Amino acid sequence: MPGEDVVFLVNPASANGATGKRWPEIERRAAAAGLRGETLVSARPGHLVELAAQAARSGARLLVAVGGDGTVNEAVNGLLQAAAPDGVELAVIPRGTGRDFARSFGVPADVDGAIAVARDGTVRAVDVGLARFSRWDGSPAESYFVNFGGAGISGAIARRANASSKALGGRVSFIWATVAVFARWQSADVTVTVDGEERAGRMFEVLVQNGEFTAGGMWVTPGAAPDDGLFDILLIGDVTKADFARTFPKVYRGSHLGHPKIDRLSGRRVAVDSPARLPIALDGEQPGTTPVEFDVVPRALRVRVPA
């Protein structure tokens with residue numbers, strides 16, 4: 001990394017608070033591997049948006065997000081909202097609950113492997129999504145996302161998982177949240193418009209994927225390419241509890257797509273509306289509700305991935 005300005009963006013609350021305790025050790029291991037730079041530590045939810053923007057404007061060339069999917073989401077929003085200079089790159093040392101961004105991009109889960117990718121990885125220009133939605137108070141809002149967006153049960157699952165202690169780890173937290181939410185969730189009348197083509201009916205979920213994985217390792221869209229200028233979209237219809245019991249285990253193997261109530265589409269713009277205000281999810285966070293529009297922003301982010 002000679003001559004490169006590196007900034008670590010650390011979320012100490014990630015991994016159920018373990019990241020804050022382990023950061024001095026992780027920093028030492030990174031320095032020993034030749035990856036050194038300034039450390040900026042988040043003090044509250046949303047703070048890393050400001051810190052990432054500040055770092056990019058101050059001349060950082062590599063931002064290393066240390067945390068989970070929410071940490072990456074905040075770093076990406078800081079970079080893009082700040083109109084960061086061309087050439088700023090993002091790497092991740094995955095420390096959070098879901099780690100789906102890292103999984104989708106092949107970044108190792110172990111600290112030393114992730115440090116090596118941050119130091120020497122190949123740079124890949126990838127798409128991001130821009131969501132325009134309603135906050136819970138009804139006011140309009142927008143936010144970028146890099147791995148996935150959703151409307152329906154995913155928003156409720158994200159809210160439930162984020163409210164839990166996550167002490168048992170990401171996969172167990174999301175499985176527990178999914179089963180608990182599904183037991184009470186009702187499908188809703190939903191209208192989905194993909195690149196001008198409208199679909200309507202009762203649905204549990206509309207997933208808008210940039211990466212392959214979500215919710216702690218669910219392989220929802222095998223083969224999704226994050227740099228093709230298109231979303232991979234899943235419409236999940238009015239599944240029964242028996243459907244769920246049979247199909248849910250298949251999601252972790254990527255073998256669920258043959259189900260007759262699951263449709264896979266692709267497109268650049270997706271609009272979702274419903275008479276009910278459905279919760280949305282963006283990279284595992286739960287910022288608001290429908291109506292929502294998702295737009296692809298092609299190759300807007302430079303990410304370090306395994307060579």
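Me: What makes strand 1 and strand 3 a pair, and in which sense do they run?
Reply: Two strands pair if DSSP finds at least two bridges between them. Strand 1 (residues 6-10) and strand 3 have five bridges, in the parallel sense, so they pass that rule. One of the links joins F8 to V64 in strand 3. Strands here are DSSP runs of E with at least two residues, helices are runs of H or I with at least four, and both are numbered from the N terminus.

A word on the source: this is a predicted model, where local features need pLDDT of at least 70, side-chain atom pairs count only at pLDDT 80 or more, and totals for chains, interfaces and linings use all residues. Residues are numbered from 1 along each chain as its sequence is written, and side-chain values use heavy atoms, with hydrogens and water left out.

Me: Which sense describes the pairing of strand 3 and strand 4?
Reply: Strand 3 and strand 4 (residues 89-94) pair in the parallel sense, over six bridges. A65 has V92 in strand 4 as its bridge partner.

Me: Why is strand 3 (residues 62-67) called mostly covered?
Reply: Buried means under 20% relative accessible area, exposed means over 50%, and partly exposed lies in between (1.4 Å probe, protein chains only). In strand 3, six of its six residues are buried. L62, V64 and V66 point one way, while L63, A65 and G67 point the other way, and all are buried. In a regular strand the side chains alternate between the two faces of the sheet.

Me: How many aromatic pairs does the rule give?
Reply: The count comes to five aromatic pairs. Rings of Phe, Tyr and Trp (its six-membered ring) pair if their centres lie within 6.5 Å; planes under 30 degrees apart count as stacked, over 60 as edge-to-face and the rest as tilted. F101 and F105 lie 4.6 Å centre to centre with 35° between the planes, so their pair is tilted.

Me: How do you know whether F101 and F105 are buried or exposed?
Reply: F101 has 2% relative accessibility and F105 has 6%, so both count as buried. They are four residues apart in helix 4 (residues 100-105), about one helical turn.

Me: What makes the pair of F213 and W219 stacked?
Reply: Their planes are 10° apart, with 5.8 Å centre to centre, so the pair counts as stacked. F213 is buried at 14% relative accessible area, whereas W219 is partly exposed at 29%.
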